[in-house]
Every structure is written in structure tokens, then in C-alpha cells.
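Hi,

Here is the structure I promised you. Please open it first, then read my notes below.

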Amino acid sequence: MLKVIELLRNVSIFETLSDEVLEDLARRTKTQEYSAGSIVVYKDDPGDAIFFVSAGKLKAVLAGENGREIVLSSFREGDFFGEMSLLDGQPRSATVIALENSTLVILKRRDFVSHITSFPQTAINILTEMSLRLRKADDVIGNLALLDVYNRLCNQLSEIAEHDGEEVENGVLIPERPTHQELASMIGASRETVSRALGNFQRQNLIAIEGKSLILLPKFFSKMPKRS
Ligand code: CMP
């Protein structure tokens with residue numbers, strides 16, 4: 001029980017909740033391990049549970065045309081997913097796949113409803129995060145409609161740098177850069193176009209690629225299109 005409370009404390013939307021709330025939640029959850037590559041929820045399956053990520057990394061995807069994958073979001077320690085089916089009772093809106101071995105804390109609808117009857121703040125925190133996600137989805141829709149692939153790629157790289165980047169002497173380092181295919185899935189472009197754009201960015205000294213890492217160079221930030 002103590003371990004689960006500690007796990008829940010890592011979840012960003014629970015940071016501000018009291019021990020009493022976390023204890024009540026912990027009593028109602030179960031913890032499950034998923035190995036890298038396993039599918040946690042399938043799009044269109046019925047679902048009645050929300051998942052809190054205690055460790056690991058996962059992604060929510062849709063299958064696009066010709067087997068192409070569209071990445072909607074990624075989740076890591078402190079994030080949650082599965083709230084959509086939990087709340088509206090509709091089938092899962094996307095497939096969620098573990099990218100690394102992951103530990104998930106699972107809460108079923110029945111237990112969620114009993115919990116929020118006594119502790120409504122938990123629901124408010126989930127709604128706040130859902131609102132942030134909707135804003136992000138609005139940005140993505142705006143970018144798809146208004147920005148060309150090069151600018152979308154710039155936006156995506158700066159978003160990754162904001163989350164995972166480290167300031168270094170000559171710019172901002174992304175230690176584990178996504179593959180060209182992964183970047184393509186994130187911005188709704190083909191792998192070939194992303195490879196071409198990255199080559200172009202390198203030639204213009206906007207970025208430097210070194211092994212698995214990528215550095216956004218000072219010129220990148222002066223040329224960056226304004227983020228919406
Ligand atoms: P659910 O539909 O229950 O199962 C799939 C989950 O993927 C969904 O809940 C959300 O948690 C998550 N998801 C789907 N679309 C998005 C999105 N656009 N941004 C972030 N997460 C999403």
C-alpha cells in the first residue's frame with residue numbers, strides 16, 4: 001500500500017493531493033507491469049480503466065494509411081491515459097503501446113466514481129490536464145493546416161527539446177533523438193520528407209546530429225517559426 005502511494009505521488013496530477021486522498025486511491029488500484037512492445041489498450045476495444053504511469057514510456061497511436069502510424073502523444077512517469085473511455089464509456093480512441101518496460105497503476109471506473117464522490121479534487125485535476133491536452137491538439141490541428149512540413153518539424157524538435165533537452169555549450173542537446181520515422185509519425189509527414197528536411201537543417205547549421213543525439217544550434221532558435 002505504501003509503495004502504491006509513493007507511485008501515485010509521482011503522478012503529476014496528484015502532486016497537490018493530500019495523503020488521505022492518495023490513500024483512498026491506492027486502496028482502489030492495482031499495479032501491473034508491461035514489457036516493452038506490449039499493447040496496453042487497443043483502439044476500439046471497450047475500456048473502463050484509467051492508467052497512471054509509474055515508470056517507463058508509452059505512446060498513443062492511430063493506424064494511418066498504408067500502415068503508417070500517427071503518434072498522438074507519449075506518456076512517461078507521472079502521466080496518465082485511458083481517461084477518455086473511463087469518462088464517456090465509449091471504445092478506446094487510440095492504441096497505447098509500451099515503448100519501454102512500464103509499471104502502470106490501474107483504476108477501474110467503478111472505483112474512480114466511488115473515489116471522486118468523496119474526493120472531487122481528483123476529477124478536477126484530471127479535467128485540468130484534459131483541457132491542456134485539448135489545447136495541444138488545437139495547436140496540432142492549426143499547425144497541420146497552416147504550417148509546412150519544415151516548420152512542423154521545427155516545432156516538434158523544439159517541443160522535444162523543451163521536455164527532454166539539456167542546455168549545452170553550443171545549443172540544446174536532445175540526448176535520445178527520435179528516428180526519422182518516429183518524427184514523421186509525430187508531424188504527419190513521410191520518412192523521406194523528414195530525412196530531407198533534417199539534411200537541409202544540418203546544411204544550414206540549424207542542427208547537428210551526433211550518433212543518437214541531436215543538438216539544436218543557436219541559429220535554430222533565431223530562425224524558429226513562432227509557435228502557436
Ligand atoms: P482512451 O480513449 O480511453 O484510450 C486511448 C487513450 O489515448 C485515450 O483514452 C487518451 O488517454 C489517449 N489519447 C488519445 N488521443 C490523445 C491525444 N490527442 N492526446 C493525448 N492523449 C490522447
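The shell around the ligand divides into six nonpolar, four polar and three charged residues. Here Ala, Val, Leu, Ile, Met, Phe, Trp, Tyr, Cys and Pro count as nonpolar, Asp, Glu, Lys and Arg as charged, and the others, Gly among them, as polar. This is a predicted model: local features need pLDDT of at least 70, side-chain atom pairs count only at pLDDT 80 or more, and totals for chains, interfaces and linings use all residues. Residues are numbered from 1 along each chain as its sequence is written, and side-chain values use heavy atoms, leaving out hydrogens and water.

Now the contacts (N or O pairs within 3.5 Å). A backbone N or O atom of Gly82 lies 2.8 Å from a ligand oxygen. For Glu83, a side-chain N or O atom is 2.6 Å from an oxygen of the ligand. A polar backbone atom of Ser85 is 2.9 Å from a ligand oxygen. The protein covers 89% of the 450 Å² of accessible area (Shrake-Rupley method, 1.4 Å probe) that the ligand has on its own.

Next, the helices (DSSP runs of H or I, at least four residues). Helix 2 (residues 19-28) passes helix 4 (residues 109-118) at roughly 160°, on a scale from 0 to 180 degrees between N-to-C directions. The two are therefore roughly antiparallel (over 145 degrees).

Best wishes

Definitions and conventions
Polar contact = N/O pair within 3.5 Å; in protein donor to acceptor, adjacent residues only side chain to side chain. Parallel < 35°, antiparallel > 145°, perpendicular 65-115°, else oblique.
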